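Colleague: I am new to this structure and would like to go through it with you. Could you put it on the screen?
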Amino acid sequence: MTRKGFYFDSTRCVGCKTCQVACKLKNALPVGITYRAVASYEVGEYPEAKYYHISHTCNHCVDAACVANCPTGAMHRDEEDGTVQHDDEICIGCETCVKSCPYQVPVLLEDKKITGKCNACIDTRPEDGTPTCVAACGTRALEFGDYDELAAAHPDAVRDIACRPDSSMTDPSTLIMGRDCLQDDSFVDLVL
């Protein structure tokens, strides 16, 4: 099975949230719901405090907890590209996937009484060539493609950073290039 994934370069991200807005518009999401979000963190103390942004969405994990725990099979891996997909037709809105995901990615869409999450734009990628968030990023901090090719192109990228759960839990298909501060576990989550 092919394994598609995301690469995120935090050294390029300026925290503009264009990726987040583009995703929200593409998916016509209600107020308060996002499938891709930009979070800002501060590490260290004055006068040596540092600041960074992380753009995150579904990691399309190989051992996805949402897939393993979904009672109906609504959460499943696409056989062609390995991304984790959601079948709205068989979802019962039980929120098991929401509670199972260590990255807190799936969300309850209360108006539809089902859950939802990033589908890596599997519905529009054939025409657009890439997910909407990647196309929208003005600083080119995001990439999407074959996971092994992304890893080869970005050999210094990591899978584990201080503000995210350990990658050994689910084998995420996301690589992150970052500053040293991404490894600093004294981070403070900033709400901007």
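Colleague: Which residue in E9 is the bridge partner of Tyr-7?

Modeller: The bridge partner of Tyr-7 in E9 is Leu-175. Please note that this is a predicted model, in which local features need pLDDT of at least 70, side-chain atom pairs count only at pLDDT 80 or more, and totals for chains, interfaces and linings use all residues. Residues are numbered from 1 along each chain as its sequence is written, and side-chain values use heavy atoms, with hydrogens and water left out.

Colleague: In what sense do E1 and E9 pair?

Modeller: Strand E1, residues 4-9, pairs with E9 in the parallel sense over 4 bridges. Two strands pair if DSSP finds at least two bridges between them. Strands (E, at least two residues) and helices (H or I, at least four) are DSSP runs, numbered from the N terminus.

Colleague: What is the strand order of the open sheet?

Modeller: The order is E8-E1-E9, an open sheet of 3 strands with mixed pairing. Strand E8 (142-146) and strand E9 (174-177) are the edge strands, each pairing on one side only. On average, neighbouring strands of this sheet are turned by 20 degrees against each other, direction ignored; the axes are lines fitted to C-alpha atoms, and angles run from 0 to 180 degrees between N-to-C directions.

Colleague: Are the residues on the two faces of E9 buried or exposed?

Modeller: Thr-174 and Ile-176 on one side, and Leu-175 and Met-177 on the other, are all buried. Buried means under 20% relative accessible area, exposed over 50%, and partly exposed in between, with a 1.4 Å probe and protein chains only.

Colleague: What stands opposite Ile-176?

Modeller: Phe-8 stands opposite Ile-176 in E9. Leaving aside residues up to four places away in sequence, Phe-8 touches several residues, including Cys-13, His-53, Ala-141 and Met-177; contact means heavy atoms within 4.5 Å.

Colleague: Which residues touch the most other members of the largest nonpolar core?

Modeller: They are Phe-8, Tyr-35, Ile-54 and Leu-109, in a core of 41 residues. A nonpolar core is a set of buried Ala, Val, Leu, Ile, Met, Phe, Trp, Tyr and Cys residues joined through side-chain atoms within 4.5 Å.

Colleague: Which strand gives the largest share of this core?

Modeller: E2 does, with 4 residues. Another core, of 6 residues, lies apart from this one, and Tyr-7, Tyr-147, Ala-157 and Leu-175 are among its members.

Colleague: Changing topic: what sits over the ring of Tyr-147?

Modeller: The charged end of Arg-3 does, 3.9 Å from the ring centre. Arg-36 likewise lies over the face of Phe-6, at 4.9 Å from the ring centre. A charge sits over a ring if NZ of Lys or CZ of Arg is within 6 Å of the ring centre and within 35 degrees of the ring normal.

Colleague: What is phi of His-60?

Modeller: Phi of His-60 is near 50 degrees, a positive value in a residue other than glycine. His-60 lies in the loop between E3 and helix H2 (65-69). Gln-104, also not a glycine, has a positive phi of about 55 degrees.

Colleague: Why does Gln-104 count as exposed?

Modeller: Gln-104 counts as exposed because its relative accessibility is 69%. His-60, by contrast, is buried, with a relative accessible area of 0%.
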